[in-house]
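Please look over the protein shown here, first as a whole chain and then at a single position within it. The report below takes up these topics in short sections.

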Amino acid sequence: MGEIVRIAVNGATGRMGRALLELLRRDRRFALVAAITAPDAPEMGAPVAHGSQLCFSHDWSAIQPLDVVIDFSGPEGLASALAHCEAHGVALVVGTTGYGEDLAVRLASSAARIPLLRSANFSLGVAVLARLLREASAALAEWDLEIVEAHHGRKEDAPSGTALLLGEAAAAARGTTLEAQAVYAREGRTGPRQPGSIGFAVVRGGDIVGEHTAMLIGQGERLELSHRATDRSIFARGAIEAAHWLAGQPAGAYGLDAMLAERSGR
């Protein structure tokens, strides 16, 4: 999209929201129109965005015309953003997770009316890793597959959502599902490895931002595909690239893979 893209950030006081605002203030492809906050969010100052005052608001009705919204809020905030985008024909980038089935169905339905892109991980490197893993898993369908991930010691879930995303991509490429093939724990006398299974190993410690390695293991050789994150801002940068791309798309349901496929001509 060549012209300036008018954008709003929903969930502006969260960690991702603040990172997005900081990057967007310096990105001349965008006019940062609004920062949407929850009604109980702490007050924020009114910074200057490309020479104009940025509107911090709890109320969507006060927002000027938009081309795209990036949402990193919560289920309730996402529902409000979706309603606004549907009513005004605005593209929506969704980074919020943890919403229920009702909202998931509503999002799927909305893609018939607006451009809508969802992802649990906006790292462009991880998106490329998933593409490579799909191709490798299909080409080396008889090889064993193990996924190893490492994160900081404060992370509460395991395996990570990204590790599961990689497992799902590999399983689909092999014509199966992660539910059918995943092995999440090994201890004691587990017996021989089952053909076709997808194993997971988890490391937790220190301040590791995120590391993921998919190991495809054959007889006498091994292929490793890895991604290491050293800066959390990669997720905000990926969401911004997705927003810029999505603002020029027709209505439909998209993922990062669609953007990458267009960029690579595939």
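## Helices and one histidine

Helices, in the sense used here, are DSSP runs of H or I with at least four residues, and they are numbered from the N terminus. The model is a predicted one, and in it histidine 84 lies in helix α2, which covers residues 75-88.

Is histidine 84 buried or exposed? Its relative accessibility is 10%, and because buried means under 20% relative accessible area, histidine 84 counts as buried. When residues up to four places away in sequence are not counted, histidine 84 touches Trp60 and Leu66.

## The fold as a whole

The protein has 8 helices and 14 strands. Among the contacts with a separation of 6 or more, 65% are accounted for by residues 24 or more positions apart.

Taken along the principal axes, the box that the C-alpha atoms fill is roughly 65 × 40 × 35 Å. A compact globule with 266 residues would have a radius of gyration near 18 Å, and the protein has 20 Å, which agrees.

## Surface and charge

Of the 266 residues in the protein, 44% are buried. The accessible surface comes to about 13300 Å², and carbon and sulfur atoms hold 51% of that surface.

As for charge, the protein carries 25 positive and 30 negative side chains, and the centres of these two sets lie 4 Å apart.

Definitions and conventions: Residues numbered from 1 in each chain as written. Predicted model: local features only at pLDDT ≥ 70, side-chain atom pairs only at ≥ 80, totals over all residues. Heavy atoms only, no water. Helix = DSSP H or I, 4+ residues; strand = E, 2+ residues; numbered from the N terminus. Buried < 20%, exposed > 50% of the residue type's maximum accessible area, 1.4 Å probe, protein only. Contact = heavy atoms within 4.5 Å. Rg over C-alpha atoms; globule rule 2.2 N^0.38 Å. Areas by Shrake-Rupley, 256 points an atom, 1.4 Å probe, with all protein chains shown as cover. Lys, Arg positive; Asp, Glu negative; His and termini not counted. Charge placed at Lys NZ, Arg CZ, Asp CG, Glu CD.
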